[in-house]
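Subject: Handover of a structure and notes on its features

Dear colleague,

Please find below the structure that I am handing over to you. My notes on it follow directly after.

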Amino acid sequence: MSVDRDAPRSAAPSADWTADEMMTVAAARQLHDGTACFVGIGLPSTAANLARATHAPNLVLIYESGCLGAKPGRLPLSIGDGILADTADAVVPVPEVFNYWLQPGRIRTGFLGAAQLDRYGNINTTVIGSDYTAPAVRLPGAGGAPEIAASCGEVVVVARQNRRTFVDKVDFVTSVGYGDGPGARERFGLRGAGPRVVITDLGVLQPDPRTSELTLTHLHPAASVEQARAATGWPLAVAADLASTDPPTAAELTVLRALTGELP
Amino acid sequence: MAELVSLADGIAGLVGDGDVVSMEGFTHLIPFAAGHEIIRQRRRDLTLVRMTPDVIYDQMIGMGCARALVFSWGGNPGVGSLHRFRDAVENGWPVPLDLEEHSHAGMANRYVAGASGLPFAVLRGYTGTDLPRHTPNIRPVTCPFTGEVLTAVPALRPDVTVVHAQRADRAGNVQFWGISGVQKEAVLAARRSLVTVEEIVDRLDPVPGQVVLPGWAVTAVAEVPGGAHPSYAHGYSDRDNDFYVAWDGISRDRDTFTDWMERHVLMAGDRA
């Protein structure tokens, strides 16, 4: 690789990253060192491994295949990738993951993606279309998500923001966010606090403490409020103190690209 | 003591048309070769049970073996959709597929109840989701001690469970390690079971505490080296990730799929 001697030197690259990279970095920053996180494959797994390789070396990654405390040196290609078992503190049967570890509330953060998401953070990964028996699109289904959303102390959601995903009403509630608003989680008897933050490729949404409605609280560099509103299927509320996300640091980008570069 | 059988004889003797069949494996140790043998023996009207129906169930559904699926997540892990599963649900091809849909926690507990000889399992799950509206096998139950309302799901009792493992001895004692999924529970919940293994050995390495299905709890064992491919057997083989990616293209189109199955499964003899 040649070096451009005239290029400006700075601690961080300028606008030299993609919206997906910004989203993954922002999601990774939501995870706290020394806590346990229930990780889904895909964007959540990428972000969780980025967090472990940067600011949260003692983040405990829990995969529903039964790997507790996995420390993969590359991104796993599936939920049951052998590298997760090879590097885990413990490998336990699947019933144990859900009954002993998730259900009693031992896991602080549930980290989920979404095919559809509504203003109350309810997630659909089951079917697109109003008729369950004759769906327009049959999605993979629930997997571990309903109980992760119910029982983890908090939920972090990561999803690309567009009108196909961010809908006024989800076609099917696979995993409960705030139901139909304040008080719903308590009525359902859900023990965890629900979705604390939603990270997208445009910004960050957080529930309004009074209405529980997801509200735009941060914009990523180069994104605009108009863009976020256009990508949202409900009238998107914007926080009065709308903030700007810190751009990815050079270190974050270097580690992220080393991780994803391993993928085929 | 388990009977040692060939794969073809094991399937012929244990899996019948209309049976409730569980083939478990959580990404790891998926009994692909056994699924291919079921396809070759043209089994029909099966109720397929599995937490994570992936490519092997996509193949069985696309070849018309199944009339119903009991599951919690149906996708190509790390890749995307299962196109034969979707075609069956969205368009009824090649035959309509009834769904009974759960979460992982629900399915895992259904197997636990089956293995425990109990009629149902209790969990804190499903509340507030739309799943109970479409799955009658999810019901509320009140704790007789605290009055708390929880969720009940009925025990799973498959007619036959098929799993893959690393090793067995000649008495049919089965050793497996790595990601162990829900295989032990699925075998103990079933009326009959077939375990395909990478190898049958005279003597198992004695490793205290290793997950072992004793031979007297298993109906039959068949030696099928590579029987998990393109899935993997920890210590024996790596997952063929390229195949999972390639399956997306093979399975999108009905004719491409059918042609691939003809060449690679139907005409392949019993060692595909």
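In these notes, a residue is called buried when its relative accessible area is under 20%. Please bear in mind that this is a predicted model.

Aromatic contacts

By that criterion A:F166 and A:W234 are both buried. They belong to a set of 9 aromatic pairs that the structure holds over all chains. A pair of aromatic rings is described by the distance of the centres and the angle of the planes. For A:F166 and A:W234, the ring centres are 6.1 Å apart and the planes stand at 25°; since planes under 30 degrees apart count as stacked, the pair is stacked.

In chain B, one aromatic cluster is formed by B:F243, B:W247, B:F257 and B:W260. One of these rings, that of B:F257, also has the charged end of B:R84 over it, 5.6 Å from the ring centre.

Nonpolar cores and packing

Which residues touch the most other members of the largest nonpolar core? They are A:F38, A:F111 and A:I199, in a core of 94 residues. Helix α1 (residues 19-28) of chain A gives the most to this core, namely 6 residues. Another core, of 45 residues, lies apart from it and includes B:V21, B:A66, B:F243 and B:M261. B:F243 is also one of the residues of the aromatic cluster described above.

With neighbours within four places in sequence left aside, the contacts of A:F111 include A:A27, A:L31, A:F38, A:P44, A:V156 and A:V158.

In helix α4 (residues 94-102) of chain A, the buried residues are A:V94, A:P95, A:V97, A:F98, A:N99 and A:L102. These residues pack against elements of both chains: β1 (36-39) and α5 (145-151) of chain A, together with α5 (104-116) and α7 (183-189) of chain B.

An open sheet in chain B

Three strands of chain B form an open sheet in the order β6-β8-β7, with antiparallel pairing. Why do β6 (120-123) and β7 (139-142) of chain B each have one side without a neighbour in the sheet? Both stand at the edges and have a single partner strand each, so one side of each is left without a neighbour. Neighbouring strands of this sheet are turned by 45° against each other on average, direction ignored.

The pairing of β7(B) with strand β8 (residues 149-154) of chain B runs over 4 bridges, and B:R139 stands opposite B:A152 in β8(B). Helix α5(B) packs on the sheet, where it touches β6 and β8 of chain B, and its direction makes about 140° with that of β6(B).

The pairing of β6(B) with β8(B) is likewise antiparallel and runs over 4 bridges; here B:F120 has B:P154 as its bridge partner. In a regular strand the side chains alternate between the two faces of the sheet. In β6(B), B:A121 and B:L123 make up the covered face, and B:F120 and B:V122 the uncovered one.

Backbone geometry

Most residues other than glycine have a negative phi, and most peptide bonds are trans.

- The peptide bond from B:W93 to B:P94 is cis, with omega near -5°; B:P94 lies in the loop between α4 (83-91) and β5 (98-101) of chain B.
- The peptide bond from B:H229 to B:P230 is also cis, with omega near 10°; B:P230 lies in the loop between β13 (220-223) and α8 (241-252) of chain B.
- B:L29, not a glycine, has a positive phi of about 55°. B:L29 is in the loop between β2 (20-23) and α2 (32-40) of chain B, and counts as buried at 0% relative accessibility.
- B:Y126 also has a positive phi, near 70°. B:Y126 is in the loop between β6 and α6 (131-134) of chain B, and is buried with a relative accessible area of 2%.

With kind regards

Conventions. Residues numbered from 1 in each chain as written. Chains lettered and ligands numbered in written order. Predicted model: local features only at pLDDT ≥ 70, side-chain atom pairs only at ≥ 80, totals over all residues. Heavy atoms only, no water. Phe/Tyr/Trp six-rings, centres within 6.5 Å; stacked < 30°, edge-to-face > 60°. Buried < 20%, exposed > 50% of the residue type's maximum accessible area, 1.4 Å probe, protein only. Lys NZ or Arg CZ within 6 Å of the ring centre and 35° of its normal. Helix = DSSP H or I, 4+ residues; strand = E, 2+ residues; numbered from the N terminus. Contact = heavy atoms within 4.5 Å. Core = buried A, V, L, I, M, F, W, Y, C linked by side-chain atoms within 4.5 Å. Pairing = 2+ DSSP bridges. Axes fitted to C-alpha atoms, helices over the stretch in contact; angles between N-to-C directions.
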